[in-house]
Amino acid sequence: MAAKSRHHLYLVDGSGYIFRAYHALPPLTRKSDGMPVGAVSGFCNMLHSLRDKAEHDEAVSHMAVIFDAARANFRNDIYPEYKANRAETPEDLIPQFKPIREATAAFGLAAIEKDGFEADDLIATYARLAREAGMEVCIVSSDKDLMQLVRDGVGMLDPIKDRLLGSAEVIEKFGVPPEKVVDVQALAGDSTDNVPGVPGIGIKTAAELINTYGDLDTLLARAAEIKQPKRRQTLLENADKARISRELVRLRDDVPVDLALDRLTLGPVEWPKLAKFLDEMEFRSLKTRIENRLKLRGNGSVSTDTIAAQPMQAKPVAYEGEGGPETPPELPKPESYRLIQDIDDLKACIARAYAEGIVAIDTETTDLSPTRADLVGICLAVTPNEACYVPVGHVKPGSLKNGGLDLAGSGDNLKQIPLPDALAVLKPLLADPGVLKIGQNIKYDMAVLAKYGVEIAAYDDTMLISYVLDAGKHGHGMDELSQIHIGHTPVSYDSVTGTGKNRISFAEVPLDKALLYAAEDADVTLRLHRVLKPRLLAEKQVALYETIERPLPKIVAEMECAGIKVDPAELNRLSADFAARMAEFEKKAHELAGEPFNIGSPKQLGEILFDKMSLPGGKKGKTGAYATGAEVLEELAALGHELPRVVLDWRQLQKLKSTYTDALLAQINPKTGRVHTSYSISSTNTGRFASNDPNLQNIPIRTEEGRKIRRAFVAEAGHKLISADYSQIELRILAHIADIAALKQAFRDGVDIHALTASQVFNTPVEGMDPSVRRAAKAINFGIIYGMSAFGLAAQLGIPQAEARAYIDAYFKRYPGIKDYMERTKKQVKEQGYVATLFGRRVHFPNINTKNPAERAFLERAAINAPIQGSAADIIKHAMTRLPQALKAEGLSARMLLQVHDELVFEAKDAEVEATIAVAKRIMQNAASLDVPLTVEAGSGPNWDAAH
């Protein structure tokens with residue numbers, strides 16, 4: 001396709017845009033009425049970006065967006081089952097179709113659809129008409145079905161990969177040129193659209209056959225000549241299916257069109273019309289971005305222009321007042337990124353940071369784990385559109401794979417500043433409290449640099465600012481935030497390092513590619529800070545961020561670097577013990593089944609349970625195999641069947657062995673002899689941490705096997721481990737939030753809360769109480785926090801569902817305040833879209849008004865739980881921010897090693913154990929002021945289990 005033409009037509013696959021916007025972006029609702037608008041928002045952003053792209057190409061003169069009018073079309077007359085297996089359109093997407101068409105018109109583009117035809121047919125028709133008129137055509141879509149239209153003068157633009165597709169790419173995809181794609185698709189079929197094709201023939205085989213015989217008709221006429229018996233018979237038996245499939249996949253290019261080509265001219269955007277639409281949709285950020293770009297051209301009624309062509313002048317960010325930043329963020333401008341290979345150039349960059357008083361930083365390393373990572377480079381950005389990358393640990397490509405460590409340094413392209421020299425001049429800047437450092441997940445950078453003796457002081461974290469502002473709305477990774485707030489998709493890590501077996505270490509990435517990827521990280525981080533930081537004040541979230549979230553990266557990074565010691569001998573002993581017991585369970589399972597089978601195979605287990613033993617409840621999934629998950633086996637075991645219980649016991653040991661005893665041995669850091677978990681501090685909606693690589697938060701503590709694993713976590717010689725655990729903190733928070741007088745008094749008096757609940761709900765004296773009654777009360781007390789249903793309680797207690805329902809009804813009758821809290825919370829979240837913790841943390845539920853009853857019920861339960869679980873998370877994090885200084889003030893050397901939900905684990909010298917426990921309890925118990933006391937249970941011992 002020619003690069004320039006007097007007439008160039010963009011045909012946009014609107015339906016593809018819709019579903020890409022819907023599935024790629026998080027749910028979003030309009031605040032005024034709760035209407036879902038996530039797909040509309042994504043569609044508008046993509047359409048705006050495409051207009052920018054088109055207007056930069058002087059050849060583009062026409063553009064239209066093509067939609068599907070309805071699911072049924074002429075193809076259903078040919079084959080009624082066409083697209084019959086397509087999933088129903090999501091309920092929250094249906095009301096967005098109309099505003100999406102309105103958005104198209106607001107952007108000054110024609111929205112075209114035609115009853116009885118698909119969008120692809122209209123695209124084919126307009127492409128033909130345009131070529132006949134001498135115009136070049138670009139089809140904007142990633143739909144493989146449109147590849148049959150590619151030819152001289154007709155190309156495709158994949159909007160996902162921003163990649164032009166021509167004949168070469170079609171051949172790469174289908175193995176044949178565009179004009180033969182229809183024949184290949186006719187043979188291969190398409191399960192997505194329920195196009196039958198010929199059974200057993202895929203794209204590769206179909207391409208081979210068409211390339212051999214020339215076309216479908218010739219192939220079918222000569223099918224009897226095919227040597228492979230199975231293939232020959234299949235083609236002979238399914239020739240009609242192939243011909244029908246060809247009619248289904250072939251695009252019609254003769255659709256009667258209602259709009260002539262001259263009606264598709266790409267004209268200027270009418271700003272008042274577009275502004276009105278954006279206001280109606282409440283897309284304030286997008287409106288501001290477009291309006292400011294228009295103002296740059298000095299005319300508020302002309303078409304938008306890309307920021308790269310008209311760069312804004314950077315202005316100071318507004319950190320006070322009700323507004324956001326003084327200017328919307330610019331898009332990154334890679335041509336202004338610099339590679340710093342000389343110490344004097346680095347000193348000049350540092351001088352600029354001192355002058356501005358702010359600098360965005362990012363480290364590039366060899367590993368996702370900071371304790372295993374080596375530093376490869378450091379990025380700095382002081383003002384938008386300007387960023388630099390300082391390589392310090394790059395090696396020649398291929399040297400690591402070959403087992404060598406051939407450091408870069410010879411030749412201009414590999415020149416870099418020696419690591420010690422770079423750190424020597426950077427260290428004072430990073431530690432200077434007078435210069436604000438901006439990071440995205442700065443905890444990682446802190447942990448990496450700490451290994452080199454470098455501290456980061458005075459910092460902000462854009463990931464945590466976003467987390468405070470928008471928890472529940474979307475993720476908080478840099479790429480996603482960049483797309484949401486800047487409208488820019490950053491260079492991907494995979495694009496510079498490769499994927500799978502071909503992935504290389506970042507240390508081997510050529511410096512020119514490393515520059516674009518790494519410097520952009522710092523640039524985008526600085527831009528995000530300018531967008532997000534002002535919102536803290538405007539949305540009254542400053543206190544939460546400053547007192548709880550901002551101190552955490554330094555504290556958690558120190559915990560991760562400290563790690564915890566494990567005893568390899570104990571892990572090996574446990575692994576051998578688990579293996580032996582697994583073998584016994586396997587032998588027992590074979591005896592109960594009456595034959596040997598693979599106990600780890602769900603398929604074989606299902607056949608034994610439901611075909612051979614004829615146990616009840618057998619249900620087959622889409623694969624044809626029986627479901628044998630834990631829930632199924634638990635139900636069968638509850639009916640008295642022994643084999644399911646044996647399999648469950650085997651699975652528990654297998655999971656503990658593979659997840660912990662074996663895995664932990666491999667995760668011991670050879671340099672420290674300790675295991676270093678990584679904490680994700682922004683991945684849960686409620687504020688809780690998540691532990692990864694290894695996950696130390698899911699070790700079962702209520703089973704003997706789980707406690708055995710905890711015994712493998714040990715203290716260093718001359719030290720003890722200390723466990724400090726909040727007692728029933730979520731129940732205490734519930735009593736406070738729901739204002740339950742009886743529960744609050746019980747906590748003040750220190751009575752057995754579960755026995756008291758059982759006594760009050762079931763009218764049973766505490767003295768001589770049946771343990772099963774207390775157990776039922778305990779299950780309700782904890783289950784009610786998570787919205788446990790009568791079905792769930794019945795399954796947990798092994799009682800009839802009606803009896804469980806009676807228990808819950810009696811509970812709410814005795815504690816009506818809890819029911820009131822639940823109803824009040826559901827009403828609140830539906831009205832404002834979020835709930836808040838005691839510390840003011842907002843947890844958003846943008847899809848709470850969904851019409852799907854099951855999804856809505858789930859979100860309501862989550863909303864009821866969020867203030868309770870979120871407040872508990874805030875309380876322990878508040879304690880964590882105060883503990884290091886409190887220990888230091890008492891002259892104690894104890895280190896905080898782990899946080900496991902409501903528990904903190906410390907390592908202290910033998911002589912400091914009691915003093916450390918006293919400080920930990922004091923700080924933790926005073927981390928919040930409630931109507932009930934916060935109680936902390938603490939213990940110590942040579943290992944984690946003994947301390948707990």
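1. Let's start with helix α36, where V913, T916, I917, V919, A920, I923 and M924 are buried. Those residues take up an arc of only 165° around the axis, so they sit on the same side of α36. Keep in mind throughout that this is a predicted model.

2. What lies over that buried face? The cover for the buried residues of α36 includes β18 (719–726), α35 (853–889), β22 (903–909) and β23 (936–941). Helix α35 comes back in point 6.

3. A quick check on the geometry of α36, which runs over residues 913–925. With 13 residues at 1.5 Å a residue, the helix should span 18 Å, and the end C-alpha atoms are 18 Å apart, so the two figures agree.

4. Next, strand β10, residues 386–391. Is this strand enclosed or open? Five of its six residues are buried, so β10 is largely enclosed by the rest of the structure. For reference, a residue is called buried when its relative accessible area is under 20%.

5. Which strands pair with β10? One of its partners is β7 (residues 337–339), which pairs with β10 in the parallel sense over three bridges; here R338 stands opposite C388 of β10. Strand β9 (residues 375–383) runs antiparallel to β10 and is joined to it by five bridges, with I378 standing opposite V390 of β10. If you are looking at the turn, the hairpin of β9 and β10 has two residues between the strands, and N385 takes a positive phi near 75° there.

6. Now back to α35, this time with helix α21 (residues 542–549). Two packed helices are described by the angle between their axes and the distance between the axes. The axes of α21 and α35 come within 9 Å and cross at roughly 55°, which makes α21 oblique to α35. On the α21 side, the contact is made by L544, T547, I548 and E549; on the α35 side, by D874, K877, H878 and T881.

7. Is T497 buried or exposed? Its relative accessibility is 3%, so T497 counts as buried. Leaving aside residues up to four places away in sequence, T497 touches N502, R503, I504, F506 and V509.

Note on methods
Residues are numbered from 1 along each chain as its sequence is written. This is a predicted model: local features need pLDDT of at least 70, side-chain atom pairs count only at pLDDT 80 or more; totals for chains, interfaces and linings use all residues. Side-chain values use heavy atoms; hydrogens and water are left out. Buried means under 20% relative accessible area, exposed over 50%, partly exposed in between (1.4 Å probe, protein chains only). Helices (H or I, at least four residues) and strands (E, at least two) are DSSP runs, numbered from the N terminus. Two strands pair if DSSP finds at least two bridges between them. The expected span of a helix is 1.5 Å times one less than its number of residues. The arc is that of the directions from the helix axis to the C-beta atoms. Contact means heavy atoms within 4.5 Å. Axes are lines fitted to C-alpha atoms, for helices over the stretch in contact, and angles run from 0 to 180 degrees between N-to-C directions. Angles under 35 degrees count as roughly parallel, over 145 as roughly antiparallel, 65 to 115 as roughly perpendicular and the rest as oblique.
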